Amino acid sequence: MTKWAMVIDHQKCVGCGACIISCKNENNTPDGIYWSYKITETAGTFPNVRYHYTPTLCNHCDNAPCVRGCPTRAMHKAEGGITMHDPDKCIGCKYCMFNCPFGVIYFNWRKPHPEWHKKEALIEGCTTSPEEMVDIVGGKTIPYYNPERERTLDGIRPKGVVEKCTFCDHRIKKGLLPACVEACPADARIFGDLDNPSSVVNQLLGKYRAYRLNEHLGTQPKIYYIRSFNPGTYLQTKGEVS
């Protein structure tokens, strides 16, 4: 049985944010909602500082607390172990958000993409209004609307429900990689089947020591991180006694 997972290689990730942008374009997510995001940390004291960038997304846990806590089963496990959400069943109680230990589920507090509903031209007599721009390019709510998202989920989720990463299930069904994986210029995200012994994800997990976020909670996340980014060097020395 297929069990989808992702390996993120810190050594290759440069923090460019292409994963975040591609995810937003693929899934038509509004401002403030990030199915793909990051944790940015700066440690140390100048000039001895280091920078950590950890990409984040839904961990599609085997033992998903968001699924267990959903009173309407809107949050559920689907084919390939993907944690999916059904907006039609969601009552907006936000239990899934409170139960998620990764903070990767978002709530639509307002009508999505309000900036594209404005009827006033940015420059009167010179430019179109945002709403006119959507009509001109044949978009739907937004000018860069991706209709492919509608294959398995509402193209744009309405006000009053939650939403989160789906591993781009609509792309997987077509034999395509998730958008964030496809867009990564450094190939820092590697996607595959954990139940396939010869998959690249299994090869990497066998070769490198991996860790998962909040692993101690026992939710069995399917996002694995390997290696650490360290571009610096230092003068070879045995230290000193002083």
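I take a residue as buried when its relative accessible area is under 20%. The model I am reading is predicted.

**Entry 1, salt bridges**

I searched the whole structure and got 13 salt bridges. I opened E26 and R171 to begin with; their side chains meet at 3.8 Å, N to O. E26 belongs to helix α1 and R171 to helix α5 (residues 169–172), so I note a link between distant parts of the chain, 145 residues apart. By the cut-off above, E26 and R171 are both buried.

I then looked up E79 and K173, whose side chains form a salt bridge at 3.9 Å, N to O. E79 is in the loop between β4 (75–77) and β5 (83–85), and K173 is in the loop between α5 and α6 (179–183), so this pair ties together parts 94 residues apart in sequence. I have E79 down as exposed, and K173 as well.

Next came R157 and E163, with the closest N and O atoms of the salt bridge 3.2 Å apart. Both R157 and E163 are buried. I also logged a network of salt bridges that links K3, D62 and K222.

I find seven aromatic pairs in the structure. One of them is W4 with F191, stacked at 5.2 Å centre to centre with 20 degrees between the planes. W4 sits in strand β1 (residues 4–9) and F191 in strand β8 (residues 189–193), so the pair joins parts 187 residues apart in sequence. At a relative accessible area of 22%, W4 is partly exposed, whereas F191 is buried at 12%.

Y34 is partly exposed at 24% relative accessibility; Y106 is buried at 18%. I also have W4, F167 and F191 as one aromatic cluster.

I looked for charged side chains over ring faces. K94 lies over the face of F107, 4.5 Å from the ring centre. R227 lies over the face of Y208, 5.2 Å from the ring centre.

I placed S129 in the loop between β6 and α4 (130–136). S129 counts as buried, at 2% relative accessibility. Leaving out residues up to four places away in sequence, I list its contacts as K118, K119, E120 and A121.

Key:
Residues are numbered from 1 along each chain as its sequence is written. This is a predicted model: local features need pLDDT of at least 70, side-chain atom pairs count only at pLDDT 80 or more; totals for chains, interfaces and linings use all residues. Side-chain values use heavy atoms; hydrogens and water are left out. Rings of Phe, Tyr and Trp (its six-membered ring) pair if their centres lie within 6.5 Å; planes under 30 degrees apart count as stacked, over 60 as edge-to-face and the rest as tilted. Helices (H or I, at least four residues) and strands (E, at least two) are DSSP runs, numbered from the N terminus. Buried means under 20% relative accessible area, exposed over 50%, partly exposed in between (1.4 Å probe, protein chains only). A charge sits over a ring if NZ of Lys or CZ of Arg is within 6 Å of the ring centre and within 35 degrees of the ring normal. Contact means heavy atoms within 4.5 Å. A salt bridge is a side-chain nitrogen of Lys or Arg within 4 Å of a carboxyl oxygen of Asp or Glu.
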